[in-house]
Each structure stands twice: as structure tokens, then as C-alpha cells.
Amino acid sequence: MKIETKCLHAGYEPANGETRVLPIYQSTTYKYDSTDHVGKLFDLSVDGHMYSRISNPTVDAVEKKIAALEGGVGALCTTSGQAASLISMLNILSAGDHFISASTIYGGTVNLFAVTLKRLGIECTFVDASASEDELQKAFRPNTKAVFGETIANPAIAVLDIEKLARVAHKNDVPFIIDNTFATPVLCRPIEFGADIVIHSTTKYMDGHAIQVGGVIVDSGKFNWNNGKFPCLCERDESYHGIVYTEHFGAAAYIAKARVQLMRDFGAYPSAQDAFLLNLGLETLPLRIERHCKNADTVAHFLAQSDKIEFVNYPTLVGNGYKELAEKYLPNGASGVISFSVKGGRDNAVKFMDALQLASIVVHVADIRTCVLHPASSTHRQLTDEQLVGAGITPGLIRLSVGLENIDDILSDIKLGLDAIE
Ligand code: PLP
């Protein structure tokens with residue numbers, strides 16, 4: 001099946017007489033015929049649902065759909081993108097471990113890595129992902145256990161050289177974990193370029209309508225955990241009757257552990273209702289993404305012509321530093337998200353934003369409705385000046401998430417913003 005077809009049909013195949021549309025299984029619990037069967041469920045020797053903190057049939061169908069979209073062996077939905085980032089890391093890292101992350105990533109993830117994981121004894125080194133492989137190699141330590149990056153970084157709109165990062169990670173026997181939120185599997189499937197684990201904030205394009213917060217982790221099933229660095233997957237887990245994940249689950253060891261161990265303990269599993277809504281978003285994802293990309297490309301070229309604009313970040317623009325990488329990894333478009341800096345810094349950024357009538361100021365991105373945000377005073381407010389530079393954020397930077405409105409209306413609105421700047 002091609003991606004458009006998978007978006008509609010993967011994950012849920014109704015049998016004769018069953019509901020055509022994925023049902024909402026609004027139940028915390030499941031009924032069994034015998035205590036023996038429950039015992040087998042707890043031993044993980046039979047498949048089935050135990051409790052909706054760990055799995056649920058509606059969420060399960062959406063997980064299967066997203067795994068199919070990304071080309072993975074399994075997926076685990078979470079209550080937010082942040083929970084997906086956290087669980088993807090804690091699934092293989094413990095106190096005393098170290099990992100490497102691209103510096104151009106979402107501000108909330110920077111905070112999670114630099115502050116919260118540090119408090120748990122896990123250290124992150126942020127690197128310039130455009131550095132050479134030799135430079136990147138210098139960041140590795142004996143206790144390094146993962147490499148992390150974003151396909152299209154929020155809000156610098158930096159495109160990652162996925163194959164390079166995967167190569168460096170694999171040379172060091174560690175997995176490459178990638179946040180594919182902005183690209184979505186419609187524009188890029190990082191597993192095809194060597195990524196091992198893919199995460200998403202499904203809150204963004206996958207949902208697309210700004211109606212529920214969610215996340216997902218997808219396991220490629222391709223990483224060899226049995227290399228001495230990951231005893232958590234290859235040795236007995238006493239908290240789960242001595243199970244050895246790689247032996248019991250084979251290629252799906254990572255995602256199975258994330259569910260039965262971490263999701264069991266953290267309880268960040270989405271509701272059936274939210275999964276149902278996410279599925280509605282996924283069904284139209286390819287159509288929406290196509291229009292988002294087309295509108296954003298037009299807006300980027302329009303902004304780039306204005307003498308009131310310092311620079312525009314959008315990979316399809318001539319002269320953009322990521323054009324070549326975008327042609328390789330994002331041949332069908334670079335998402336609906338643009339960032340640009342107005343001349344005159346923060347004051348003019350505020351004037352521009354306040355003059356808009358169609359685009360709304362929201363702490364959100366990747367919505368069907370055009371929206372804007374000033375990262376330095378909102379999503380990235382907690383970053384130091386040095387971290388802001390690392391994330392590619394200037395005081396005048398505006399993030400514009402181009403929606404699905406008629407392009408003429410979007411351009412008229414942007415003209416209002418530009419006219420407000422002296
Ligand atoms: N990853 C990226 C690229 C994001 O833009 C965001 C949120 O903006 C997140 C992760 C966190 O996701 P959530 O807000 O669903 O927790």
C-alpha cells in the first residue's frame with residue numbers, strides 16, 4: 001500500500017459485519033474466561049489487553065497505523081510528544097549514561113535533556129549537527145548510549161542529514177533516535193535512511209486540527225541491542241518475572257519494553273477517545289500536508305522578496321543552506337512551517353504579529369489554521385542566550401505555521417504585518 005492508502009486503511013481491518021469506522025473502546029478493563037488466561041497475559045505468553053494504562057484496542061489500531069506509515073515493527077502512543085521523547089530515552093538510558101543531541105531541536109526537548117534528565121543523572125552533549133563526522137565523533141564517550149535529532153528542527157527549520165547521524169551513531173554501536181514531527185512520514189520516513197527509533201508529537205500535523213495532545217514512539221526493529229551496551233534489553237528484567245526482552249520479543253524488543261515496563265510504571269498512555277481523534281487526523285494527513293507545503297512555499301518566496309525581512313528559513317528557497325538536504329530527504333515538500341526574522345528585532349516582530357488578522361497568535365504549530373509565534377518570548381523562553389543561538393533563534397524571529405486557507409487570504413494577512421513595520 002502507498003502512504004495515502006495506509007493512512008486510511010492500515011491498523012484496522014473490520015471483519016464481516018463489524019463497524020467500518022474504528023470504534024472507541026471506552027473501557028479501562030477487559031474480561032477473561034479464566035485466571036489461567038490472566039496469568040498468561042501477565043507472563044506475556046499470550047497476546048491481549050490487560051489494562052488501558054498499557055494498551056487499548058482503539059489506541060492499538062492507531063499504533064499499528066503509525067508503525068506502518070513509518071515502516072517500523074511496532075509503535076507506542078503516549079499522552080504527549082514530551083512523554084514520547086522522555087520514554088524513548090529512559091527506555092535505554094540510566095543514571096551515569098550519556099547521549100548526544102543536535103542543538104537545533106524544540107525548546108521543550110532541550111529543557112528535558114539539559115535539565116530534567118541531568119537531574120536523573122543522564123548527561124546530554126549538544127552538538128552542531130552540520131559538523132563533519134570526525135567532529136561529531138569527538139562528542140562520544142564510553143558511556144554514550146544514543147544520538148538524537150529532529151528531521152526538520154523547530155523553529156530553525158534546519159534539515160538534518162539523517163544518513164550522516166545514523167552512520168556516526170552506528171559506528172559507535174548506539175541507536176539514532178529522531179523526532180519526525182514536522183516532516184511526518186508523508187514527507188520523510190527516517191527509518192529508510194538508517195534511523196532506529198522515530199518519535200513524534202502527534203499534537204502537530206498528525207492530528208492537525210489542534211484538538212488533542214499526543215505522542216508516539218516507533219521502533220524500526222533494526223538496531224542490534226545485543227552489543228554489550230544495553231543490558232536493560234538483553235538481560236533479565238526482575239520487575240517482569242525475569243523476562244529478557246530481546247529473547248522474548250526479537251526485533252520488537254525495544255518497543256515491547258517501553259510498553260510493558262515504562263508505560264506500566266509511568267502511565268502516560270492516551271485515552272481511546274484521543275486515539276480516535278488522532279486517527280481522524282491521520283486519515284487526511286497526505287492531503288493536508290500537500291497543501292501545507294504548497295502554501296508555505298508560496299509564502300516563503302513572498303516574504304523573501306520583502307526589504308523588511310532580514311532572512312527567511314525555508315528549505316525550498318534559493319540560497320537556503322538546507323536546500324540540498326531537503327531535496328534528498330524531503331523531495332515532496334518541507335512542511336508548512338517557516339521561520340523568518342524581521343528587521344528591527346523584537347519590537348518589529350511584535351508589530352508584525354499584532355497587525356495580523358487571519359493568522360492567530362497561539363502556542364502551537366502545524367495546525368490547519370495559519371498561526372504565528374515569537375519563540376524567544378514563548379516556547380524557547382527558558383533557553384539561555386547561548387542556547388537560543390544554538391537553536392537558531394534571533395530576537396526578531398517569528399515562526400509562521402502556514403495553514404490551509406486560500407493562499408490569497410494568507411498573503412493579504414502577511415501584507416498587513418509587513419505594512420505595520422516602519
Ligand atoms: N517535538 C517537536 C518537534 C515539537 O514541536 C514539540 C512541541 O511543540 C514536541 C516535540 C513536544 O510535543 P508535545 O507538545 O506534544 O508534548
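Select K204 and the ligand: an oxygen atom of the ligand lies 2.8 Å from an N or O atom in the side chain of K204, a polar contact in the sense of a pair of N or O atoms within 3.5 Å (within protein, one must be able to donate a hydrogen and the other to accept it, and residues adjacent in sequence count only if both atoms are side-chain atoms). The model is predicted, with pLDDT of at least 70 required for local features and 80 or more for side-chain atom pairs, while totals for chains, interfaces and linings use all residues. Residue numbers start from 1 along each chain as its sequence is written, and side-chain values rest on heavy atoms, with hydrogens and water left out.

Next, display the 14 residues around the ligand, of which N154, D179, S201, T203 and K204 come nearest; here a residue is near a molecule or strand if one of its heavy atoms lies within 4 Å of it.

From N154, step to P155: the peptide bond between them is cis, with omega near 5 degrees. P155 belongs to the loop between β4 and α7, and I157 lies in the loop between β4 and α7 as well. The phi of I157 is near 55 degrees, a positive value in a residue other than glycine. Most residues other than glycine have a negative phi, and most peptide bonds are trans.

Now colour the strands of the open sheet ordered β1-β7-β6-β5-β4-β2-β3, which has 7 strands and mixed pairing. Helices (H or I, at least four residues) and strands (E, at least two) are DSSP runs numbered from the N terminus, and two strands pair if DSSP finds at least two bridges between them. β1 (74-78) and β3 (123-127) stand at the edges, each with a single partner strand, so one side of each has no neighbour in the sheet. Within this sheet, β4 (residues 144-150) and β5 (residues 176-179) pair in the parallel sense over 4 bridges, and E150 has D179 in β5 as its bridge partner.

Helix α7 (residues 162-171) packs on the sheet and touches β4 and β5, its direction making about 150 degrees with that of β5. Contact means heavy atoms within 4.5 Å; axes are lines fitted to C-alpha atoms, for helices over the stretch in contact, and angles run from 0 to 180 degrees between N-to-C directions. Helix α11 (residues 253-266) also packs on the sheet, touching β1, β6 (197-201) and β7 (215-219).

Select α3 (residues 57-70) with α12 (residues 272-283): these helices pack at about 35 degrees, with axes 8 Å apart. Among the residues making the contact are V62 and I66 of α3 and F276 and L282 of α12.

Finally, move to the open sheet of 5 strands in the order β8-β9-β12-β11-β10, whose pairing is mixed. Its edge strands, β8 (309-313) and β10 (360-361), each pair on one side only. β11 (residues 371-373) and β12 (residues 397-401) pair in the antiparallel sense over 3 bridges, and C371 stands opposite S401 in β12. Helix α13 (residues 285-304) packs on this sheet, touching β8, β9 (337-342) and β12.
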